[in-house]
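Here's a quick walk through one model, taken a region at a time. Have a look at the fold before reading on.

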Amino acid sequence: MRDVEELLGQLRRYPDVEAANLYAADAADRLILDVAAESLASARGGEVVVIGDGYGALTLGAAAAHDLHDVRVHQDLLTGELALAGNARTHGLTDRYTAHGLDENLLKGARVVLLRLPRALTGLAEIADVIARYADPDVQVYAGGRDKYLTKAMNDVLAESFSVVRASRGRQKSRALLVSGPKTVGEPRFPVRERIGEFDIDVVAHGAVFSGAHLDIGTRFLLRYLRAMKPDARDAIDLGCGTGILAVALAKARLGIAVVGTDQSAAAVASASATAVANRVTDRVTVVRDDAMSTAADNSADLVVCNPPFHVGAAVHTGSAIKMFAETGRVLRPGGELWTVYNNHLNYRGVVERMVGRTDVMGRNRKFTVTRSVCGLRDSIRR
């Protein structure tokens, strides 16, 4: 048996943002591993599933502590998948797990599920439904998180799909929920579909995607400037596309434009792809799972639109947005435009100007600012 605590302490978050206040393994991961230890010790190959592992703490911790093989893993974020793969290589554990979508192949025959609780209740509802639908009837689910992000509503959501939901003792400001007894489920609840009449768009959303099938207020504000966004653009990217509303809106408004929606969330990519199908724009909208356009070629886009995140997991951190802006400066052609919307208090303007080009405020309301940045154009040129 390996020294699991030593392993957890050596895990990295890369290629996700790394900073002094951000960790690859925390007290909640350790608690989940501890409360599930007896079940993990008796599990056979192929019976253990891990969902929502941040950077590999649950997967590699379980594999190392109990000499497990054939662990099946689902991570919504691509950075999590890449971090797990990198950590597994470092510690010689690449042969212990396989990556899967959130589907039957992930859960069929599963008897032990380790789950890092997502903050979105809709995301938890979809996960619970899939586990109850496909796992072994005797499955034991060990779901945990940090106290400050846990709510009673999570218990209620899990109780919709399971007959037993009880809490473990808390430890180091973390807690686990012990879940069993899958109920008989009906038709799948996800994805959901909703029509946004004012923009003539049908939105399809899986549970984990930001804002669900609704139009979030930041994107709504950015859509006011749709016609002003580089009118001669032929190649556009919806960066962090979510359900694909911006990508579809561009495609419906401009018949000659090709739009790539990109997001690191598997739920977002599935949602945006379905939204493109629902609006019959698949000839002009493609969706890829990517980390901040890392696979996009240099100087390949005329227009990038973005409603960037300002959370890294549960922590407020602007590193992800800054990474997106840096990549935008690389991907845009000279004279190309970045249009972005952000919360007023973040004041990204100086950062975007440095990484992309001259940045002008195009609109501001009580909550958000919309800016346009022109790639390669600096203030010195205007003078």
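This is a predicted model: local features need pLDDT of at least 70, side-chain atom pairs count only at pLDDT 80 or more; totals for chains, interfaces and linings use all residues.

**Helix H2**

Helices (H or I, at least four residues) and strands (E, at least two) are DSSP runs numbered from the N terminus, and H2 covers 27-35. H2 is largely enclosed by the rest of the structure, because seven of its nine residues are buried (buried means under 20% relative accessible area, exposed over 50%, partly exposed in between, with a 1.4 Å probe and protein chains only). The buried ones are Ala27, Ala28, Asp29, Arg30, Leu31, Ile32 and Leu33. They pack against H1, H3 (37-42) and H4, and also against strands E4 (112-116), E5 (140-146) and E7 (174-182); contact here means heavy atoms within 4.5 Å.

**A pocket beside it**

Arg30 and Leu33 turn up again in the lining of the second largest pocket, together with Val4, Glu5, Leu8, Asp34, Ala37, Gly61, Ala65 and His66. On a 1 Å grid over the protein atoms alone, a pocket is an open set of points where a 1.4 Å probe fits, with protein on both sides within 12 Å along at least five of seven lines, and lining residues have an atom within 4 Å of a point. The volume comes to about 150 Å³, counted as the space filled by probe spheres set on the points. H1 (4-10), H2 and H4 (57-66) each supply at least two lining residues. By class there are five nonpolar, two polar and three charged residues in the lining (Ala, Val, Leu, Ile, Met, Phe, Trp, Tyr, Cys and Pro count as nonpolar, Asp, Glu, Lys and Arg as charged, the others, Gly among them, as polar).

**The loop between H1 and H2**

Arg13 sits in this loop and counts as buried because its relative accessibility is 6%. What does its side chain reach? The Arg13 side chain gets to the backbone oxygen of Val17 at 2.6 Å, and a 3.0 Å polar contact links it to the side chain of Tyr55. A polar contact is a pair of N or O atoms within 3.5 Å; within protein, one must be able to donate a hydrogen and the other to accept it, and residues adjacent in sequence count only if both atoms are side-chain atoms. Pro15 is in this loop too.

| Site | Feature | Loop |
|---|---|---|
| Tyr14 to Pro15 | cis, omega near 15° | Pro15: H1 to H2 |
| Phe190 to Pro191 | cis, omega near 5° | Pro191: E7 to E8 (192-196) |
| Asn347 | phi about 50° | E16 (332-343) to H13 (349-355) |

Gln172 is exposed, with a relative accessible area of 55%, and Asn347 is exposed at 54%.

**Cysteines**

There are zero disulfides (pairs of cysteine sulfur atoms within 2.5 Å). For Cys241, the nearest cysteine sulfur is that of Cys306, 11 Å away. Cys241 is buried at 7% relative accessibility, and Cys306 is buried at 0%.

Methods
Residues are numbered from 1 along each chain as its sequence is written. Side-chain values use heavy atoms; hydrogens and water are left out.
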